[in-house]
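Thank you for making time this morning.

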Amino acid sequence: MSFKPLVLLSLLLPGVAGASTFMPPAATVTAGEVDSIYAFLLITSLVSFIILIGGMIFFVFKYKRKSATDKTAYITHDHTLEFVWSFIPFLIFMFVFAWGWKIYHDMRHSPEGALEVHVMAKKWDWRFLYKNGKEVTSSLNDKGQKEPATMVVPVGKPVKLIMASEKISAGSTDPMDRPVLHSFFLPAARIKQDVVPGRYTTMWFQLDQPGDYWVFCTEFCGSGHSAMKARISAVPMADFEKWLAAEGSGEMSLADKGRALYSSKACAGCHSADGTRVVGPSFKASWGKSRDVEGGGKVTVDENYVRESILNPNAKVAAGYPAGVMPTFAGQLSDDDVKALIEFIKTLK
Amino acid sequence: MATATAHHENSNYLNHEKGLWSWLTTLDHKRIGLLYFITVALFFLVGGIFALLIRTELYSVGETIMTAEQYARVMTYHGAVMVFLVIIPGIPAFLGNFFLPIQIGAKDVAFPRLNLLSWYCLLLGAGIALTSLFFGGADTGWTFYTPYSIKHSPAVICMALGVFVAGFSSILTGLNFVVTTHKLRAPGMTMNRIPLFVWALYSTAIIQVLATPVLGITVLLLAAENIFGIGFFDPALGGDPVLFQHFFWFYSHPAVYIMILPAFGVISELITTFARKTIFGYTAIAYSSLAIAAVSFFVWGHHMFVSGQSEFAGIVFSFLTMLVGVPTAIKLFNWMATLYKGSINLSAPMLYALGFMFLFTIGGVTGIFLATIATDVHFHDTYFVVAHFHYVMVGGTLMSIMGRDLLLVPENVWSSLQRCLGTCFIRVHLRWLQRHVLSAVYSWIAGHAPSLLRLPA
């Protein structure tokens with residue numbers, strides 16, 4: 001009797017050891033770590049399930065009613081036993097919590113020097129914008145079918161995505177055409193991040209195997225949701241650089257476009273690019289810095305702060321500078337213009 | 001007239017007043033319970049038809065019987081009807097109304113008129129919500145995520161207002177149960193002696209009273225944004241779409257405990273009855289219900305690990321979610337221990353209880369996969385979550401409702417029909433169980449379809 005559960009377990013374990021086969025192929029280090037914790041959870045769950053349900057079935061057969069006058073034991077509780085089966089699950093839960101936290105921390109912090117790509121989601125398509133101005137969109141093939149947009153990335157280099165949701169047609173004034181929630185899911189990297197209208201969200205990955213990987217939208221966004229796909233093609237660095245510089249790349253880089261806007265939209269009148277103080281804070285060496293804001297509190301100068309400061313300048317005014325001076329540029333700058341200005345500010349080291 | 005017939009020896013709550021009007025104006029908790037039963041059973045049929053439409057559409061790849069637009073609507077109504085009109089009122093309003101006063105020795109619930117009003121609130125809310133079908137139907141999913149749900153569509157407005165009105169049904173029922181449990185217990189029936197079903201209802205009632213108003217406010221804001229264009233959740237108007245998710249899940253996470261806690265109470269009773277045993281660890285089971293109710297208010301953020309909330313919030317919510325696992329595990333172990341040295345009668349209701357343990361355990365362990373933040377990022381918004389939720393809601397709540405319903409057949413009918421019902425229900429049960437397990441396993445596999453099908457790269 002005592003060895004039967006063990007036999008059962010030994011039959012199950014090879015299946016569990018191959019648990020990662022239930023997962024898509026893992027293409028990043030993080031994905032491998034997620035698969036490890038997944039396999040641990042699967043084995044722990046199976047063991048708990050066998051203890052609970054095996055015990056239940058065993059008792060059901062052992063103590064099946066034999067006659068209407070069966071005597072039963074009067075057992076009300078057992079503190080030791082109850083402590084054991086509360087405390088052991090607690091320890092397991094705390095262990096997987098801490099393990100999951102560690103992996104999640106790695107997911108959320110991109111390494112220095114990651115290749116940054118802007119990602120735009122709309123109903124129901126993805127668009128990718130590289131810093132040199134190269135843009136990748138979906139296309140129609142010879143048969144008139146939609147070919148999903150393919151983002152090309154170098155193998156073995158971290159890639160950071162700066163994601164935004166946009167309208168179906170840029171500049172549309174149709175009130176029904178509004179940006180909605182999407183979610184960028186790259187199963188091969190086990191990562192996912194919602195794309196939220198009105199702000200930038202970021203995620204990063206480093207594909208270590210060359211190949212093509214699917215991207216799915218995993219936030220319901222309407223009737224075209226399930227067909228909202230993109231592809232990521234991981235290629236060697238040399239091939240990537242060749243592809244990035246090849247025809248079809250943008251006429252000017254995002255930073256150059258931002259520099260042009262900086263002059264033409266008269267940002268330069270109040271914000272210097274060389275560190276001198278004019279009306280507003282200088283853009284020089286501001287990127288990534290922590291800044292005090294009027295009324296207390298701190299803010300990091302990142303994509304979301306710059307975007308907010310352009311569209312809603314008085315939301316967080318830098319301490320020591322006058323409020324109410326800067327007008328909003330909402331409606332004057334397109335979403336892509338804002339991205340260009342952000343990239344320009346990033347270059348002012 | 002009523003008093004004259006009341007003394008008749010065959011008089012009971014079913015026949016001491018007659019006619020439809022006597023039912024529609026009844027203040028008797030047992031009759032109101034049955035009204036709820038009829039209503040919930042009807043909506044269960046409606047939600048079930050939507051489920052069948054979903055399964056039929058998914059029979060083959062591509063368009064089988066409906067377009068993507070129609071599918072989105074069917075999915076929305078399946079979810080909304082099952083959650084708001086079936087599972088939430090299912091046990092508390094039906095079984096709870098029927099048995100709570102009886103089990104604590106009260107003549108009725110504390111506020112019989114409110115009790116009847118709550119049933120009308122459910123009917124009215126359901127009516128308003130289903131009117132949306134005549135406006136082309138809502139396609140937002142049962143979660144109404146903004147800004148997708150902000151489309152100035154009468155269908156979404158009807159759904160939101162319907163949920164708002166139906167929410168009062170839940171609030172009034174919860175209020176009634178809290179007061180009844182505190183004030184109307186028979187002499188000597190202390191809190192530490194009340195049946196575990198009452199403990200479960202009491203914990204549920206606390207959640208209903210405290211959480212449902214938040215849902216009411218949320219859907220009201222959603223309706224206001226749809227009607228008047230006030231920017232609560234639309235970033236184009238200065239709102240925040242993630243705020244809606246916080247509001248929504250602040251109710252909807254505790255709400256899943258409104259759905260499952262009463263089922264725990266039912267199972268505690270079925271297992272003790274059919275194993276002829278005292279419950280193992282009464283105190284642990286009773287207080288674990290309260291613990292679950294309390295912690296349930298602090299875990300809503302685990303629905304939002306990838307929504308754009310901060311990393312710190314994600315970690316805190318993951319930790320708190322793990323804590324809910326402990327009282328849940330305690331209950332399962334205690335039920336198993338209750339079977340020890342019992343005299344187990346494998347009658348149809350007991351099979352439902354054992355089936356509950358089987359399916360709910362799967363629902364429970366898959367919950368740990370989702371509470372673990374690293375694995376949740378991968379499983380979030382996939383069929384894995386759908387399977388987990390259905391294991392808990394169908395395998396848990398519906399199994400307990402069905403098992404308990406069998407015992408509602410009056411005893412004399414019960415004994416003469418026992419053999420027929422028993423064999424019939426065992427068969428239905430086994431077939432249904434098998435089908436459910438298969439479909440859930442299918443869902444699990446479908447969640448991993450990208451790898452299993454080796455999608456062309």
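Predicted model: local features only at pLDDT ≥ 70, side-chain atom pairs only at ≥ 80, totals over all residues.

Of the contacts in chain A with a separation of 6 or more, what share comes from residues 24 or more positions apart? The share is 63%, where a contact means heavy atoms within 4.5 Å. Residues are numbered from 1 along each chain as its sequence is written, chains are lettered from A and ligands numbered from 1 in the order in which they are written, and side-chain values use heavy atoms, with hydrogens and water left out.

Let me stay with chain A for a moment. Chain A has 7 helices and 14 strands, these being DSSP runs numbered from the N terminus, with helices (H or I) of at least four residues and strands (E) of at least two. Of its 349 residues, 46% are buried, and here buried means under 20% relative accessible area, exposed means over 50%, and partly exposed lies in between, with a 1.4 Å probe and protein chains only.

Now to the interface, where chain B contributes 86 residues to the contact and chain A contributes 78 residues. The size of an interface is often given as the accessible area lost when the parts come together. Between chain B and chain A about 7,300 Å² is buried, and carbon and sulfur atoms give 70% of that; the figure is the accessible area (1.4 Å probe) that the two parts lose on being put together, summed over both. Across this interface there are 22 residue pairs in polar contact, both residues being at pLDDT 80 or more; a polar contact is a pair of N or O atoms within 3.5 Å, where within protein one must be able to donate a hydrogen and the other to accept it, and residues adjacent in sequence count only if both atoms are side-chain atoms. Several helices of chain B supply at least two residues each to the side that touches chain A, among them helix H4 (68–104) and helix H9 (282–295), and H10(B) gives the most, with 16 residues.

Next, the salt bridges, each a side-chain nitrogen of Lys or Arg within 4 Å of a carboxyl oxygen of Asp or Glu. The count over all chains is 20, and between chain B and chain A it is 2. Arg178(A) and Asp234(B) form a salt bridge at 2.2 Å, N to O. Arg178(A) sits in the loop between strands E7 and E8 of chain A and Asp234(B) in the loop between helices H7 and H8 of chain B, so this pair joins two chains. Both Arg178(A) and Asp234(B) are buried.

Within chain A, Glu343(A) pairs with Lys346(A), their closest N and O atoms being 3.2 Å apart. Because they are 3 residues apart in helix H7 (residues 335–347) of chain A, about one helical turn separates them. Glu343(A) and Lys346(A) also belong to a network of salt bridges that includes Glu116(A), Lys131(A) and Glu303(A).

I will finish with the backbone. The peptide bond from Thr146(B) to Pro147(B) is cis, with omega near -5 degrees, and Pro147(B) is in the loop between helix H5 (112–131) and helix H6 (154–183) of chain B. Phe144(B), in the loop between H5 and H6 of chain B, has a positive phi near 50 degrees, and Phe144(B) is buried at 1% relative accessible area.
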